[in-house]
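This report examines selected features of one predicted model.

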Amino acid sequence: MSADHQQVLIIDFGSQVTQLIARRLREIGVYCEIHPYNKVDGAFLNEYQPKAVILSGGPNSVHWEGSPRADAAAFQLGVPVLGICYGEQTMCAQLGGAVTASDHREFGRAEIEIIGQSPLLAGLKPNETVWMSHGDRVDAIPEGFAVIAKSANAPFAAIADEQRQFYAVQFHPEVAHTPCGGQILRNFVLDIAGLSGDWTMAAFHLEEIEKVRAQVGKGRVICGLSGGVDSSVVAVLLHEAIGEQLTCVYVDTGLMRAGETAQVVDLFRDHYNIPLVAVDAGGLFLDALAGVSDPERKRKIIGGLFIDVFEAEAGKLGGADFLAQGTLYPDVIESVSFDGGPSVTIKSHHNVGGLPERMNMQLVEPLRELFKDEVRALGRELGLPESFVGRHPFPGPGLAIRIPGEITREAVEILQKADTIYLDEIHKAGLYDDIWQAFSVLLPVHTVGVMGDERTYDQVLALRAVTSTDGMTADYFPFPHEFLGRTATRIINEVRGINRVVYDITSKPPGTIEWE
């Protein structure tokens, strides 16, 4: 990140919602980064020079042996510090307060009462609903602190040392279940820490152009273009930065949605005039998948073949010095374990996994500082049409994981037709942008039906649509019954091979968004 931007450091203690802190700050226009507590020492802090520090929540108890602590240097920087949940507890434990295990644990919504004056809580009502998730609780606060809010089971729900600008809350202001949380975070970073909120997509756009030019020089870059939002944004950004030095390779696996290949080729080759190699490899992929039912084998076959095809096309181009891919900030975060244990492997797109080592190319990852919603914002900044920027996520293996059981050409064609009708009805109803992801699944189940006074024995189609903010959790979309009835009728009437349609109302968890 450029040192020209004011930066907030989020020290991660392992909370499942730490990323939400960063997302909320970015929405305010404040640049921030998440780093695990055991990687943040005095040397790191001196180099990073944060304008403020936030201590995240976490699953540990401060009483456990070896439980996480913030480096003492974090409290000696002379910048504002905000502790959240476990962050409050370790702040109190480290600065001379007391934390105990409570018989009255708080999980879920709670009411806090504001009982003290503080800029942290400016603009809040006397009583606010917040989201609690803690077992331990603070029993005594360190010298210099005062209580500014309490709840029925948390007498120190919010505390403040105004002189040192140390603040802490027992609840989670970053989650949507705390309606006033956004105001609290704004108060902390803008009013208390004095940040100007200079993190804008326009500034990122210009800065990233210069970074790419400096990294690539006169080298050649290959970008694996899937047609999804991430790779599309990477392609347009790189083309603006280095022009003809970029070549995109699009591999049609035969498992794309109907008309998708033509749409991608038209946009990038004709509209943006970006050098694009489009490879029709549908026969190769479908032949390799014949007789395969296990979803993990499907993924491995598709991923391996993609690498082979991509590598062959790169060879025809005479090779390249750099490989561009759409690594996002959540991928970077997940590659580092907060507790120092084995790192979680960065999730790779099927179209680039394994290529850098095999092809001896350096990586260009211009999106690695961005969250998904920021990538969409960058796409709009670059002038990508909303039809691309706002597209629902599409899995790397394509329709292969939406056809449980054996994959055949006939099954792919049936699913493509049915899915086109489903999405068409969603668009006509004006619901597409209200849904995180919608798709059809062709089930390996045949049922008896009656069509035109004749018996049918055809397949079942499942419709799926979910709402979500980040894909980590999701709930089914509450379509009106009239919509479902109309869509089912169209599919059964227009797609030969389907005689029954069902709607999946499973949330995540316990289910996943995709079926395989």
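The buried residues of α4 are Gly181, Ile184, Leu185, Asn187, Phe188, Val189 and Ile192; buried denotes under 20% relative accessible area, exposed over 50%, and partly exposed the range in between (1.4 Å probe, protein chains only). Their cover includes β1 (7-12), α1 (18-28), β3 (52-55), β4 (81-84) and β9 (166-169). Helices (H or I, at least four residues) and strands (E, at least two) are DSSP runs, numbered from the N terminus.

Helix α4 comprises 12 residues (181-192), which at 1.5 Å a residue should span 16 Å, and the 15 Å between its end C-alpha atoms agrees with this. The expected span is 1.5 Å times one less than the number of residues. Just after α4, glycine 194 adopts a positive phi of about 75°.

## Basis of the values

The model is predicted: local features require pLDDT of at least 70 and side-chain atom pairs count only at pLDDT 80 or more, whereas totals for chains, interfaces and linings use all residues. Residues are numbered from 1 along each chain as its sequence is written, and side-chain values use heavy atoms, with hydrogens and water left out.

## Nonpolar cores

A nonpolar core is a set of buried Ala, Val, Leu, Ile, Met, Phe, Trp, Tyr and Cys residues joined through side-chain atoms within 4.5 Å. The largest has 50 residues, and Tyr422, Ile426 and Phe479 have the most contacts inside it. Elements that each supply at least two of its residues include α14 (409-428), β15 (437-451), β16 (454-467) and α15 (481-494); α14 gives the most, with 9 residues.

Beyond its neighbours within four places in sequence, isoleucine 426 is in contact with Leu431, Tyr432, Ile435, Ala438, Phe479 and Phe483, where contact means heavy atoms within 4.5 Å.

## Salt bridges

With a salt bridge taken as a side-chain nitrogen of Lys or Arg within 4 Å of a carboxyl oxygen of Asp or Glu, the count is 23. Glutamate 260 belongs to helix α7 (residues 260-271) and arginine 391 to the loop between α13 (386-389) and α14, so the pair ties together parts 131 residues apart in sequence. Glutamate 260 is buried at 2% relative accessibility, as is arginine 391 at 9%.

Within helix α14, aspartate 424 and lysine 428 meet in a salt bridge (3.2 Å, N to O); being 4 residues apart, they are separated by about one helical turn. Aspartate 424 is partly exposed at 28%, whereas lysine 428 is exposed at 62%. Both residues belong to a salt-bridge network that also includes Glu425, Arg486, Arg490 and Glu494.
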